[in-house]
Amino acid sequence: MSKNNIDKKIILGEEFIPKQWYNIQADLPKSLPGHYNTRESRLATVDDFSMLFSKAAATQEFSKERFIDIPQEVREIYKIWRTTPLVRATGLEKALGVKSKIYFKNESVSPSGSHKSNSAVAQAFYNKSEGITRITSETGAGQWGSALSMACKEFDLECMVYMVKISFMQKPYRKSLMEVFGAKVVASPSELTKTGREILAKTPDTTGSLGDAIAEAIEDTLTHKNSKYSLGSVLNHVLMHQTVIGLEAKKQMEAVDAYPDIVIGCLGGGSNFAGVAFPFLMDKLQKSTPLRAIAVEPSACPKLTKGEYTYDFGDSTGLTPALKMHTLGHNFTPQGIHAGGLRYHGASPLVSLLVDEKVVEARAVAQKEVFEAALLFARSEGILPAPESAHAIKVAMEEALKAERDGTPKTILFNLSGHGHFDLSAYDNYLKGNISDCDYSQEEVNRNLKSLPKINT
């Protein structure tokens, strides 16, 4: 490919699928605070995590090795959709009237429709290799549940998914896709677990939360034989699996003699932001390469921009170890925004540390402006983005327009983490004027943070 003739779509062959994941723990500006076992008042260990996760995932969670080999069996399944396209968004550039170059990594081409398959396949493989026959998990918007369902089918594993109730109602065809792959799916909170029944008894009209769904999935795991839990975001090993995104993007941009000034991803727990940004942040951390990385969250769930950086549980009932992260409090129940994958109370400990150290920027945007950006992208690029991905699109547009005003064109890369084909009811509501902005005030944040666990590290 000529470096003087930048194609709109850059796809490298399957031989360019990374052979190793990048583990940013090796390059952090300071050590990551350890996860904490609140029941025994001590730092959590690999053995603590092995009770829930595969031994391989638990080991990776604590590893500080810079690169970890991707099993060949996982790479073979990756070949179904990887390498994913890196696309020059020339239509969006023209619509905005900017000289900046805007690229996006199109992770929507996976069988599940999002980036989530990158970790789902790895986690399913490790569980199968260790003799596990059943995996339980939660899902917000349904992208993780779809990915895990597909991965479990690949390795002949039973799959049980607790789907946050508001998304269960808003996105029924996500449930259908999971069931196509053979998973069992229930709305959370449910009557299947003690946790779910207690939540429903207190708040029968609850729309649910990812914290509730995680608590149900963990209880389910602990009460079934030969079952393990699988998480789609937040934890270190999950973010590491996603770095295939940014590692591929670096090779693709190198092929056209380009390198981003700004890397952008939406943030729910942190998986897709980390996936695209961490391999580039490796350059910033190791070689002081000038680079801005922006994590974008909804103003209705502003853990990075309004939450507290402290220890909190990953679920609503305190079954998980406590994690040092930006959090709104584990009892937080967000409003029913349509970006269901971003409705989580906490952010990845890795991303949280990088935000606290000012290596990563955080920005919150409102729901209506996100849908406005999504429509412009769809009409100029011909791809309907997931509402989650549209948060990154919105900020990419803001940065391109700012660069135009400043007279300093930039090269901008964002992650299109998934398509919006199962989100058409949300787009229909927006087009009818039925979408409203939701905000979460600092006063509400402060009230909810009163429930934080007491940690003595």
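M163 stands opposite A187 in β10, in a pairing where 5 bridges join strand β9 (residues 158–164) to β10 and the two run parallel. Strands count as paired if DSSP finds at least two bridges between them, and the elements themselves are DSSP runs numbered from the N terminus, with helices (H or I) of at least four residues and strands (E) of at least two. Strand β10 (residues 184–188) is largely enclosed by the rest of the structure, because 4 of its 5 residues are buried; buried means under 20% relative accessible area, exposed over 50% and partly exposed in between, with a 1.4 Å probe and protein chains only.

This is a predicted model, in which local features need pLDDT of at least 70 and side-chain atom pairs count only at pLDDT 80 or more, while totals for chains, interfaces and linings use all residues. Residues are numbered from 1 along each chain as its sequence is written, and side-chain values use heavy atoms, with hydrogens and water left out.

Grid points are joined across faces, edges and corners, and a volume is the space filled by probe spheres set on the points. In the table, Ala, Val, Leu, Ile, Met, Phe, Trp, Tyr, Cys and Pro count as nonpolar, Asp, Glu, Lys and Arg as charged, and the others, Gly among them, as polar.

| Space | Volume | Lining by class |
|---|---|---|
| Largest pocket | about 310 Å³ | 9 nonpolar, 3 polar, 4 charged |
| Second largest pocket | about 230 Å³ | 2 nonpolar, 9 polar, 3 charged |
| Second largest cavity | about 130 Å³ | 12 nonpolar, 2 polar, no charged |

The second largest cavity, lined by 14 residues, has F53, L231, L235, T320 and L323 nearest its centre. For the second largest pocket, the residues nearest the centre are I199, K202, D212, S316 and N331, and α9 gives the largest share of the lining, 4 residues.

I199 lies in helix α9 (residues 194–202) and counts as buried because its relative accessibility is 14%. Leaving aside residues up to four places away in sequence, I199 touches P189, T206, D212 and S316, where contact means heavy atoms within 4.5 Å.

Technical notes. 1 Å grid on protein atoms, 1.4 Å probe; cavity = no way out; pocket = protein on both sides within 12 Å on 5 of 7 lines; lining within 4 Å.
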